[in-house]
Amino acid sequence: MATPRPATADQAAFREELLQAGLLVESGVDGIYGKGERFEQARLGIDALLTRTAGAHGAERLRFPPLLPRRHLEDSGYLSSFPHLVGTVFSFEGGETEAKLQQERASAHEDWSEFQQMTDLALMPAACYPVYPAIAARGRLAPGGVFVDAGGSWVFRHEPSGDPARLQMFHQHELVRIGEPERVLEWRNEWAERGLAILRGLGLAAELDRASDPFFGRGGRILAASQREQQLKLELLVQIAGPEPTALASFNHHHDHFGISFAIELADGGTAHTACLGFGHERIVLALLRTHGLDLETWPEAVRRELWRD
Amino acid sequence: MTPVTRGEIRQVLRDNARLPVDPESLRDDADLFQAGMSSHASVNVMLALEDAFDVEFPDRMLKRSVFESIDGIAAALQELEMEAKAG
């Protein structure tokens, strides 16, 4: 099991405030919380705002369950980049004897993993993953490619932490662009500005900066350095709690990585480029609570209008 | 560094860099990323070089530019060799 990352004093204090106010509901496991009604009201407002904005710019809406066929995970390269963050679904296989033993060991909180077998499913590591094989299956792209809003889907990261802004399961709202290299780059630059405007429109002091992913191991250092050098990852950052600002959204430019992995063909037969923009619903809510206070009723009128227009 | 070693580097590239061209056809100073090596493939090259030459690249060398060309790789290996002798 991964050792939980300890919270800084201000992260721990903010977490306590959120629990006391009933915005978060404790589960007993770091990074897994229930949400109170007001938290969810804010989150749904963000979901609506992002869906509305993506739709106004021509996004096609697709929705997927928070489970990924294991085969897609295996084809994506995720296991080489982030083996430490993956959650795979295991399920019981056996007869009555094994079921009885499993129950006995489980009720004593002992190890019962030997009765569990890997299934065809993994927990969704990033909400953009099911989009690539779905688009590839349609055949060659039309000229210009596609823009997909994959919605605010649950995703899992095995990284327990005492920081309320680092959840093991959260809603990641992914916008995905697949198409010709220059179109994809244009889209990313356009949405970097738009993403910043969306967050600033909610009264958040957001900044855009280049970033790198927490790639695994020593090889991961090369990947992270490459990602930074080539400006493949950008983040929209806001100070919530802790020594550094928190990324509320991140852009990844994958070049032809997923185009090759899932054989996504351009209209002219070339390999498609892809980029995605993922907003973390919960992190945006936390930034709003930190900035405007824990009582949603007292949030600035302009912010309330943006979130609860409908 | 001897030409034989550059041959060994080419062998590691042939097995791990997933290049669309034969490494024999590349000049020593050719940009491997331009030639089609992905960042992920460069990680495999790094690990395979460590096995082949029995070295461990320190953190300061774990960056894209070190693995950008056969010359770059040779220079890094030579530096490690010198450090090992001095150490």
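In this predicted model, the interface of chain A and chain B holds three salt bridges by the rule applied. One salt bridge pairs B:D59 with A:R221, whose closest N and O atoms lie 3.2 Å apart. Across the interface of chain A and chain B there are also four residue pairs in polar contact, with both residues at pLDDT 80 or more.

On the side of chain A that touches chain B, the elements giving two or more residues are α4 (78-81) and α8 (217-229) of chain A, and the largest share, eight residues, is that of α8(A).

The contact as a whole draws 12 residues from chain A and 13 residues from chain B. The area buried between the two chains is about 1200 Å², with carbon and sulfur atoms contributing 57% of that area. Within chain A, the residues that lose the most area to chain B are A:R218, A:R221 and A:I222, which together account for 51% of what that side buries.

Turning to chain B itself, the chain has three helices and zero strands, so that its elements run α-α-α from the N terminus on. Its C-alpha atoms fill a box of roughly 40 × 25 × 20 Å along the principal axes. The radius of gyration of chain B, 12 Å, agrees with the value near 12 Å that a compact globule of 87 residues would have. Of these 87 residues, 43% count as buried, and among contacts in chain B between residues at least 6 apart in sequence, 50% join residues at least 24 apart.

How values were computed
Residues are numbered from 1 along each chain as its sequence is written. Chains are lettered from A and ligands numbered from 1 in the order in which they are written. This is a predicted model: local features need pLDDT of at least 70, side-chain atom pairs count only at pLDDT 80 or more; totals for chains, interfaces and linings use all residues. Side-chain values use heavy atoms; hydrogens and water are left out. Contact means heavy atoms within 4.5 Å. Buried area is the accessible area (1.4 Å probe) that two parts lose on being put together, summed over both. A salt bridge is a side-chain nitrogen of Lys or Arg within 4 Å of a carboxyl oxygen of Asp or Glu. A polar contact is a pair of N or O atoms within 3.5 Å; within protein, one must be able to donate a hydrogen and the other to accept it, and residues adjacent in sequence count only if both atoms are side-chain atoms. Helices (H or I, at least four residues) and strands (E, at least two) are DSSP runs, numbered from the N terminus. The radius of gyration is taken over C-alpha atoms; the globule rule is 2.2 Å times the number of residues to the power 0.38. Buried means under 20% relative accessible area, exposed over 50%, partly exposed in between (1.4 Å probe, protein chains only).
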